[in-house]
Amino acid sequence: MRPIILASNSKARAELLRRCGFKFKVKASNIEELKCPRRQGAKEIVIRNALAKVRAVLPLFKTGVIIAADTVVWQEKKVFGKPRDKKEAFRFIKELSLRPSYVYSGLAVADINNNKIYADSEVTKVWMVKLSDRQIKKYLSSAANQHINFAGGFDIQGKGSLFIERIDGCFYNVVGLPLAKLYKLLKKCNIDI
């Protein structure tokens, strides 16, 4: 199998790939991600960011497949990326616990050998339980600054899962890597799992 490169420092994305049995290298792109001003642009922005990550890493490899993703959370005309600090994470979680939100992920896969890049996106609707200030503070104090690694400030695969009432769509999209979409894009690159 050709080498697989994950263009991300995301521990959650790397863990998902490991669980699926992938052997891969990590080479983060470190690009400046575009911000998403509104829901109508969320899909386009996450795809553009994922493509930019792939293109930033592409010149570094002569063979293989590069995987990149970008995720944002949208709720009522607001976009929630990764919080800068605990204060912002608190505000994000507080707002997200009041109403349903939408998690958008863009996914890009570059087939280096065939000089092709494929992209797609996924959206998942998420309902959180309404949280008190005390509950949010307790979560943030126990998360050991992990909140800064997740769009919206919470992790659906860890302690943050306790706050998720239900989802409509792909669970792995909320983690940050829509695996069914990834499978389809890898098949286009003739990577059979």
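1. Strand 3 (residues 65–75) and strand 5 run antiparallel and are joined by 10 bridges. Two strands are taken as paired if DSSP finds at least two bridges between them. Strands (E, at least two residues) and helices (H or I, at least four) are DSSP runs, numbered from the N terminus. Across this pairing, A69 stands opposite L107 in strand 5.

2. The model is predicted: local features need pLDDT of at least 70, side-chain atom pairs count only at pLDDT 80 or more, and totals for chains, interfaces and linings use all residues. Residues are numbered from 1 along each chain as its sequence is written, and side-chain values use heavy atoms, with hydrogens and water left out.

3. Strand 5 also pairs with strand 6 (residues 116–128); the two run antiparallel, with 11 bridges between them. Here A110 stands opposite I117 in strand 6.

4. Strand 5 (residues 101–111) is largely enclosed by the rest of the structure, because 11 of its 11 residues are buried. Buried means under 20% relative accessible area, exposed over 50%, and partly exposed in between (1.4 Å probe, protein chains only). In a regular strand the side chains alternate between the two faces of the sheet. In strand 5, S101, V103, S105, L107, V109 and D111 point one way, while Y102, Y104, G106, A108 and A110 point the other way; all are buried.

5. The hairpin of strand 5 and strand 6 has four residues between the strands. N115 is found in this loop and has a positive phi of about 55 degrees although it is not a glycine. Most residues other than glycine have a negative phi. N115 counts as exposed because its relative accessibility is 70%.

6. A further positive phi, near 60 degrees, belongs to N190, also a residue other than glycine. N190 lies in the segment after helix 6 (179–188). Its relative accessibility is 64%, so N190 counts as exposed.

7. The largest nonpolar core has 42 residues, and those with the most contacts inside it are I67, M128, L177 and L182. A second, separate core of 13 residues includes L51, I66, A68 and A110. A nonpolar core is a set of buried Ala, Val, Leu, Ile, Met, Phe, Trp, Tyr and Cys residues joined through side-chain atoms within 4.5 Å.

8. Which residues is I67 in contact with, leaving aside its neighbours within four places in sequence? Among them are I4, L17, L107, A108, V109, L177, L182 and L186. Contact means heavy atoms within 4.5 Å.
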